[in-house]
Amino acid sequence: MSFAWNKCKIITIIGDTGSGKTACGYSILDKISDRPKYILNHPVPDLLSGTGVKNIKDLDTDSLQDCALWIDEPQLIFPKHDKRNNDSLLMLYSLIRQKDIVLILSTSDTRWINKGMEAYIDTWVIKDLDFSLIKQGSTIKKIISTKYHNIMPSGFSMEKNEAILYCRNQLERPENIKIPLPIYWSEKLSKPYKYSKDVNIKVF
């Protein structure tokens, strides 16, 4: 299957903890080779050496353009109650096409993705997750049900190198894909918060 990641606008990677979301994010960035690549607020920026990805500390919607931007576990950076930060994120969603940005979001929390966000997302990468915990009527549940309409929800399972890919602009139906690890992959890249000495995660 030929798929143009650089033609996507907002890619959302969703899956349980340990399902391979982070490796998937780096693999997708590797395939977007026609523009600078950034990650927002990485907990250990030194780990990015050799990946071709640069860390940025703030979401500056004025300076970002012609690039790929990845936000890993956005629910830790943009809690639902923080209106100011979430307004910046919504502004970025609206400017994606004009500024030629590929935005990648990866999260283990399906609840963080609401109906308003779903309207902006054009590309979904679904890793292994608990089907029963997905909200009724969500796009994620519809994509899985379309791909595996002949199995019980409890039978849904993905290996770490597998995912369901759906892009409303490039694919008629969801497709199963294999996602190889980047050549620079390491355990530290997989669990950056484990190796950070300065992580301060607020619990709400």
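Which residue in β7 is the bridge partner of Thr123? The structure is a predicted model, in which local features need pLDDT of at least 70 and side-chain atom pairs count only at pLDDT 80 or more, while totals for chains, interfaces and linings use all residues. Residues are numbered from 1 along each chain as its sequence is written, and side-chain values use heavy atoms, with hydrogens and water left out.

The protein chain contains six helices and eight strands, where helices (H or I, at least four residues) and strands (E, at least two) are DSSP runs numbered from the N terminus. Along the sequence these elements follow the pattern β-α-β-β-β-α-α-β-α-β-α-β-β-α.

Strand β6, residues 123-126, pairs with two strands that are described here, pairing being taken to require at least two bridges found by DSSP between the strands. With strand β1 (residues 10-14) the pairing is parallel and runs over four bridges, and within it Ile13 has Val125 of β6 as its bridge partner. With strand β7 (residues 162-167) the pairing of β6 is antiparallel, again over four bridges, and the partner of Thr123 there is Cys167. From β6, Thr123 and Val125 point one way and Trp124 and Ile126 the other way, yet all are buried, that is, under 20% relative accessible area with a 1.4 Å probe, counting protein chains only.

For the protein chain as a whole, buried residues make up 48% of the 204 residues. Among contacts (heavy atoms within 4.5 Å) between residues at least 6 apart in sequence, 68% join residues at least 24 apart.

Terms used. Buried means under 20% relative accessible area, exposed over 50%, partly exposed in between (1.4 Å probe, protein chains only).
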